[in-house]
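Here's a quick tour of how some pieces of this fold pack together. Have a look at the model first, then we'll go through a helix pair and a sheet.

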Amino acid sequence: MRQKIFRNMCLTALATVVVCALLTTLVYYADFEGHMEDEVREETAALRPAVEELGAAYLEDLAFSKNRLTLIDEDGTVLFDNQADPAAMENHLDRPEVADALEHGAGEETRMSDTLSEQTFYYAVRLGSGQVLRMAVTTDTIFAAMLGILPWLIASALAAVAVTALLSNYLTKKIVAPINRLDLDHPDDNSCYEELSPLLTKISKQNQAIARQMESLREKQEEFTAITENMSEGFLVLDHHTDILSYNTSALRLLGCPDASADGRESALTLNRSSSFRSVVDGALSGKRSQQLLRENGRCCQVLANPVLREGEVVGAVVVILDITEREDRESLRREFTANVSHELKTPLTSISGFAEIIQNGIVKPEDVPRFAGNIYSESQRLIALVDDIMRLSRLDEEEVNLPQEEIDLTELSRSVGERLKKPMDDLGLTFSVTGGGSKIHGVRSIVDEMVFNLCDNAVKYNRQGGRVEIAIGNVPHGVALSVKDTGIGIPAADQDRVFERFYRVDKSHSKEIGGTGLGLSIVKHGAAFHNAKVSLESQEGQGTTVTLTFPR
């Protein structure tokens, strides 16, 4: 804007100087020419009486006049000329000014030179004798006059441009300064040129409209971000070059790059270079709905990709990433559980079927029948215990326990469990103790009893001859803790993370000797989850195990 104002002012000044100079020249020249013609007429009129009386003799005395004097006869013959030889001059009867003078008494004519640099004004009058007296004055033409003042015109123009440049620079800064100081964020608060008021009013209205639109967009963006960032599922919006247009952090986490950033329209293929991910993206960008399983860092994700179409053309893709690790683990556990249940049920049933078949075929001696019947009874009891444990786990899994909750004194319950396990503890010479007291929780008594019983039962079964089983109860910052400690064989470090799985046994041969369903610790784990309690295990192989239940208040 400043340059435009500066340039326009300089051009205006230059044009003004040129136009003024030309107009001045034209006016001056016209005035000069008028005065010159008047002088020629007056001088001719003054000479006329003397020439009529004395003739050419009088003109000879004026031979050195600055003006050209010519005396022409009636037939056009030149009788006298003060600047040329009359005898050498052609007939002047066809000259316009001469013809007008002979006809009307006076005539005048202006003729240009061949170079247009000079012009001659002729004025002729008819004398009483019939002859014609003509006076001529030669002057510069308007073109020559203008060429004469051209250097002065150029100098004046340059001077004008220089002065105008200085003034223009100053005035431009002065004009533009208030505009540069405008606060377009608050147009109504500006005090500027009145001509800018409509513009500032329009800007103010536009700012208000833009502010409303930006606030609406911000709210929608916050809503969108709040929704997407709190999704456990990941999503990516890609263009047809696989560049990322939008994403959430779950997508980066599930693709195995939680610390990465997808800003700057980075290609999605840089986030995960597996063939499965590339295949699903390429499939969507080719116009087909695609899905693949992606296994990364111990997790299993299902990747779904759909093409985005615009006027029938694929312009991008939407990729959704679902973490199905837990579902896959559950499916794996279900298959493993089914196989383990089948195996655990088949073992006692096979024993029962075999003993019954032997008795049925009469192979057993009469005195051995009670022993075989005892084996059948023992295996059937084991089968019943297994089914009961499975049903307990099933109810805890489905949270279908409708038993009433009550206040439970853990010290009293622990001593009751100790009484029920007195016989197996006496057989091994174990010492049983309960320390702490006054700690109560709110829960289902039968489930808590089953949990403590299973812990104590394992502490007895896997203990050493003459060992100890110690139950410690006490308050902790976040609730009530119950610990069952034994001095048994302990659990290897490699097996400690798996002992709470169903049917998992550390020492399968020893477990078979001492019985049990392999579901005890799994029941403890599910019972703790039902009561929002935590289970922790500490064990050292050959020195014993401590399992701690922490119940919330």
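A quick word on angles: axes are lines fitted to C-alpha atoms, for helices over the stretch in contact, and the angles between N-to-C directions run from 0 to 180 degrees. Keep in mind that this is a predicted model.

**The helix pair**

- Helix 10 (residues 410–420) and helix 12 (residues 445–461) have axes that come within 10 Å and cross at roughly 55 degrees.
- That angle makes helix 10 oblique to helix 12.
- As for handedness, the crossing of helix 10 and helix 12 is right-handed.
- On the helix 10 side, the contact is made by Leu410, Leu413, Ser414, Val417 and Arg420; helix 12 brings in Arg445, Val448, Asp449, Val452, Phe453 and Cys456.
- Sorted by class, the contact of helix 10 with helix 12 has seven nonpolar residues, one polar and three charged.

- Five strands line up in the order 7-6-10-9-8 as an open sheet, with antiparallel pairing.
- Strand 7 (244–247) and strand 8 (290–296) are the edge strands, each pairing on one side only.
- On average, neighbouring strands of this sheet are turned by 20 degrees against each other, direction ignored.
- Strand 8 runs antiparallel to strand 9 (residues 299–310), and seven bridges join the two.

Key. Residues numbered from 1 in each chain as written. Predicted model: local features only at pLDDT ≥ 70, side-chain atom pairs only at ≥ 80, totals over all residues. Heavy atoms only, no water. Helix = DSSP H or I, 4+ residues; strand = E, 2+ residues; numbered from the N terminus. Parallel < 35°, antiparallel > 145°, perpendicular 65-115°, else oblique. Left-handed = near helix turned anticlockwise from the far one by under 90°. Contact = heavy atoms within 4.5 Å. Nonpolar A, V, L, I, M, F, W, Y, C, P; charged D, E, K, R; others polar. Pairing = 2+ DSSP bridges.
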